[in-house]
Amino acid sequence: IYPEITENRISGFWKTRLEFESLQDDSVKIRKKDILFLIISCVVSGLLIKIPQIFNTDLIDQQFYEKNAGLIVLAGLSLYAFLIKDSIKTGHLVISVAVFAISAFYINFLPHNALGDSVILAYLHLPLMLWCLYGLIFIDFGTKDKIRRIDYIKYNGELAILMALIAIAGGILTGVTIHLFAAIELQVEEFYVNYIVVSGMVSVPIVATFIIRKYPFIANKIAPVIANIFSPIVLITLIVYLVSIIVAGKDPYNDRDFLIIFNAMLLGVMAIVVFSISGTSVNKRQRFNERTLFALTIVTLLIDLVALSAILYRLGEYGFTPNRAVVLGSNLLIFGNLVLIMIDLYRVNFRNKQINKVEFTIARYLPVYTLWTIFVVFGIPAIFG
């Protein structure tokens with residue numbers, strides 16, 4: 001917790017006393033097994049993502065990546081999480097392996113010749129379901145420990161930021177490499193993209209997790225700054241956007257594509273609200289940020305109400321389909337979560353409550369999303385045939 005209390009001079013005093021020897025060297029100590037675990041996890045993920053090429057099969061034509069990319073990324077992260085544990089509980093390992101095995105078998109044996117909406121929804125929600133499983137692994141299956149759940153939420157915000165930075169650096173390296181070889185008339189683009197880039201993409205989350213674990217002071221500083229910068233920008237953008245919808249005369253009730261984009265935007269803003277709250281809580285009291293988040297939550301609720309009314313209208317006009325059922329359920333879940341967050345933020349701003357109360361509300365709501373993803377992955381395809 002030291003990165004969170006560096007402004008307290010007494011914490012510096014005790015850090016000096018308790019870690020005197022380590023403070024003689026400012027560098028982070030990385031053991032050989034740390035690097036070994038990182039390499040093993042990246043290699044396993046890289047090999048799994050290249051199964052079609054390794055076995056020379058036609059799995060690419062059967063939506064291999066659409067079905068398995070998210071599963072492979074989360075399998076690699078879960079493997080790394082188990083490797084770095086001081087002790088592995090057999091029960092936890094068995095449950096995790098079983099869930100991944102069942103998920104891989106199930107998603108690859110869903111009918112792919114005539115893709116229905118329910119099957120596509122299962123493809124999209126399987127990574128979310130496995131993200132929930134990875135969360136259990138991350139918190140050592142401590143389902144009653146709300147603080148560990150909050151740590152997992154913060155970790156995801158830090159992970160997203162570091163993955164973006166690594167992806168940008170990787171993109172620059174890819175461009176430079178391809179052009180350097182092109183300058184000496186060697187065309188390495190196809191090989192580099194198919195093997196280096198694809199394998200690198202599934203390794204990025206593992207590398208980012210390694211950085212967060214070994215250099216926590218870096219992520220702890222970046223995430224709150226990003227959250228503080230983007231929250232007011234997103235709030236202004238949303239207000240302008242809502243006004244623009246009215247001026248432009250856009251109709252989410254009859255325009256299906258517009259409704260899809262509308263819901264995608266809602267999910268993005270919801271993520272920003274959650275991660276911004278996590279980022280704000282590690283700092284000292286920041287009234288401006290707390291009021292910004294309160295306003296952002298209210299605007300997001302208004303957007304969700306518009307989306308919900310449009311979905312209900314389309315259900316009444318055109319009936320139930322897998323897409324409409326899932327979008328309705330997702331919006332209702334988000335609406336309920338936002339209402340609870342708004343109530344807590346009201347208490348933070350006007351009743352002088354601590355913002356960490358909002359975090360506990362978010363943490364308590366995570367199992368609801370877990371149950372929903374399980375229902376969409378396994379229930380929707382069964383219900384809609």
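This is a predicted model: local features need pLDDT of at least 70, side-chain atom pairs count only at pLDDT 80 or more; totals for chains, interfaces and linings use all residues.
Student: At roughly what angle do the axes of α5 and helix α7 (residues 117-138) cross?

Tutor: Axes are lines fitted to C-alpha atoms over the stretch in contact, with angles from 0 to 180 degrees between N-to-C directions. Here α5 and α7 cross at roughly 5°, and their axes come within 8 Å. The two helices are therefore roughly parallel (under 35 degrees). Helices are DSSP runs of H or I, at least four residues, numbered from the N terminus.

Student: How do α3 and α5 pack?

Tutor: Helix α3 (residues 32-49) packs on α5 (residues 64-83) at about 165°, the axes being 9 Å apart. That makes the pair roughly antiparallel (over 145 degrees). The crossing is right-handed, meaning that the near helix is turned clockwise from the far one by less than a right angle. Phe37, Val44 and Leu48 are among the α3 residues that meet α5, where the partners include Tyr65, Ile72 and Leu79.

Student: And which way do α12 and α13 run relative to each other, parallel or antiparallel?

Tutor: Roughly antiparallel: helix α12 (residues 287-318) and helix α13 (residues 322-350) cross at roughly 155°, with axes within 9 Å.

Student: Where does α14 bend?

Tutor: At Val376, by about 40°, taken between axes fitted to the seven residues ending there and the seven starting there. After α14 comes Gly385, with a positive phi near 70°.

Student: Where is confidence lowest and highest?

Tutor: pLDDT, the predictor's confidence in each residue, runs from 0 to 100. Helix α2 (residues 20-23) is lowest, at a mean of 56, and helix α6 (residues 90-108) highest, at 93. The protein's mean is 84, with 91% of residues at 70 or more.

Key:
Residues are numbered from 1 along each chain as its sequence is written. Side-chain values use heavy atoms; hydrogens and water are left out. Angles under 35 degrees count as roughly parallel, over 145 as roughly antiparallel, 65 to 115 as roughly perpendicular and the rest as oblique. Contact means heavy atoms within 4.5 Å.
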